[in-house]
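Thank you all for coming.

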Amino acid sequence: MPADVVVSLSLVVLIAVMAPILTSRLRMVPEVVLLLVGGMVIGPHVMGIATDGEAIDLLSELGLGMLFLIAGYEIEVPELTGRRGKRAWVAWLVSLALAIGLVSVLGVMGDSGTAGLSVAIAMTATALGTLLPILHEAGLKNTAVGRSVTVHGAVGELGPVLAMALLIGTRNTLVSLLVLLAFAAVAVVAAVIPLRLQRVSTRLKELIRYKSETTSQLGVRITLLLLILLITVAALMDLDIILGAFAAGFILRRLLPQGDERLEMKLDAIGYGFLIPIFFVISGMSISPASVAADPTLLIGFLVVMIVVRGVPVWVELRLDRRSDLTPNGRLQVATYSATSLPMIVAVMSVAVAAEAVPSDIAGVLVAAGALSVLVMPLMAQAVGAYGRRNGLPDEVPAERG
């Protein structure tokens with residue numbers, strides 16, 4: 001392996017180690033923001049002491065895949081297809097229409113329709129993978145606020161993935177839809193085969209369970225095989241790997257409907273302990289501080305548009321839901337959390353830049369706006385919750401009134 005690749009990887013891992021240490025001191029700054037900033041500092045636009053390469057890019061892609069596998073695993077599929085899920089889909093479609101309209105009116109991307117569509121799709125995303133640890137630490141994961149954020153966040157991650165597959169690319173929409181259906185068929189087969197094997201062979205099930213607690217770590221290996229296979233299928237079908245990773249997470253949840261705490265801890269260790277931080281550091285290396293500083297109004301403008309595009313439709317949907325178990329204070333928290341976006345922005349912009357649909361400097365500013373949303377929006381949501389508690393304003397409707 002070339003020396004520059006080894007040095008770059010060492011620097012990337014060093015940033016990954018330093019970020020959580022600094023977070024313990026800078027409690028108001030999320031770890032993902034420090035990872036991005038660290039990548040930006042060591043990257044070609046600042047110090048220039050780290051460069052990407054095929055080996056590092058592969059680790060970054062695997063990190064992206066692990067991030068969305070874990071996100072897909074956290075999603076309860078019945079929630080997406082139930083009443084709350086359907087309303088969340090409507091809110092997301094409104095977000096998409098609003099984003100396309102605003103990007104067109106503002107003329108941010110000039111005459112490039114593909115570029116404008118890429119930016120619009122990125123702005124409709126919600127960073128569920130980033131928000132889940134924040135909700136957990138705040139004690140909100142199993143509350144009405146946490147459940148609502150999870151549903152809107154799931155749609156806010158899956159919706160942009162599907163929109164990218166259907167609307168961005170060289171194929172027309174009908175062909176893209178057929179390709180998506182073909183991928184869905186492959187994913188169904190990938191889900192059915194292990195389920196059938198589990199039912200017909202108790203011995204195989206026991207073997208997997210036993211080998212998962214030995215040095216073989218068979219459960220982890222099977223999960224990684226599932227992830228890599230579906231990422232490969234997505235790539236062969238010219239779809240984004242995020243779709244394959246999401247599908248792997250959905251399938252894993254179907255195989256383990258009650259969850260598996262030991263497997264989850266191991267996947268968290270591999271993902272959050274190694275691969276996912278590398279993805280964020282590498283993503284930060286593409287951000288140019290000069291581009292951001294050259295037009296700070298564009299940065300703030302992107303952030304404001306993200307809040308309007310994503311937060312407002314979610315708030316309106318919750319406001320119109322007569323069966324909602326959220327109070328006005330809770331609805332405002334959910335809408336504010338939902339306007340938090342970063343991983344999907346990074347993913348969409350990576351695809352758009354690679355396809356030469358969006359200039360790298362514009363993509364960098366949008367990624368910076370996503371990082372700013374991760375820094376600002378959860379703090380605002382927590383401030384709303386704290387204000388409500390100080391003034392006796394509950395987040396959810398009391399059970400006797402529900």
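**A surface patch, a cavity and some salt bridges**

Let me start with V316, which is found in helix α15. What we are looking at is a predicted model, so please keep that in mind throughout. V316 counts as partly exposed, because its relative accessibility is 33%, and that lies between the limits of 20% for buried and 50% for exposed. V316 also belongs to a nonpolar patch on the surface, together with L98, I300, V304, V308, V312, W315, L320 and L332, and the accessible area of these residues together is about 710 Å². Helix α15 gives this patch its largest share, namely seven residues.

Now to the inside. Rolling a probe the size of a water molecule over the atoms shows where empty space is left. Here the count comes to one cavity of 30 Å³ or more, and the space in the largest cavity is about 120 Å³. There are 13 residues lining the largest cavity, and those closest to its centre are R84, S148, E317, L318 and D321. Which kinds of residue make up the lining of the largest cavity: nonpolar, polar or charged? Seven are charged, while three are nonpolar and three are polar.

Side chains of opposite charge can pair when their charged atoms come close. A search of the whole structure finds seven salt bridges, and one of the pairs is R84 with D325, whose closest N and O atoms are 3.0 Å apart. In this pair R84 sits in helix α5 and D325 in the loop between α15 and α16, 241 residues away, so that distant parts of the chain are linked. D325 also forms a salt bridge with R147, at 3.8 Å between the closest N and O atoms. Because R147 lies in helix α8 and D325 in the loop between α15 and α16, this pair ties together parts that are 178 residues apart in sequence.

A further salt bridge, 3.8 Å from N to O, is formed by the side chains of R87 and D321. R87 is partly exposed, with a relative accessible area of 25%, whereas D321, at 10%, counts as buried. Finally, R87 and D321 are linked with R83 and E317 in a network of salt bridges.

Key: Residues are numbered from 1 along each chain as its sequence is written. This is a predicted model: local features need pLDDT of at least 70, side-chain atom pairs count only at pLDDT 80 or more; totals for chains, interfaces and linings use all residues. Side-chain values use heavy atoms; hydrogens and water are left out. On a 1 Å grid over the protein atoms alone, a cavity is a set of points where a 1.4 Å probe fits but cannot get out, and a pocket is an open set with protein on both sides within 12 Å along at least five of seven lines; lining residues have an atom within 4 Å of a point. Grid points are joined across faces, edges and corners, and a volume is the space filled by probe spheres set on the points. Ala, Val, Leu, Ile, Met, Phe, Trp, Tyr, Cys and Pro count as nonpolar, Asp, Glu, Lys and Arg as charged, and the others, Gly among them, as polar. Patches are made of residues with over 30% relative accessible area and no salt bridge: like charges are joined within 9 Å, nonpolar side chains (Val, Leu, Ile, Met, Phe, Trp, Tyr) within 5 Å. Accessible areas come from the Shrake-Rupley method with a 1.4 Å probe; for residues, only the protein chains shown count as cover. A salt bridge is a side-chain nitrogen of Lys or Arg within 4 Å of a carboxyl oxygen of Asp or Glu. Helices (H or I, at least four residues) and strands (E, at least two) are DSSP runs, numbered from the N terminus. Buried means under 20% relative accessible area, exposed over 50%, partly exposed in between (1.4 Å probe, protein chains only).
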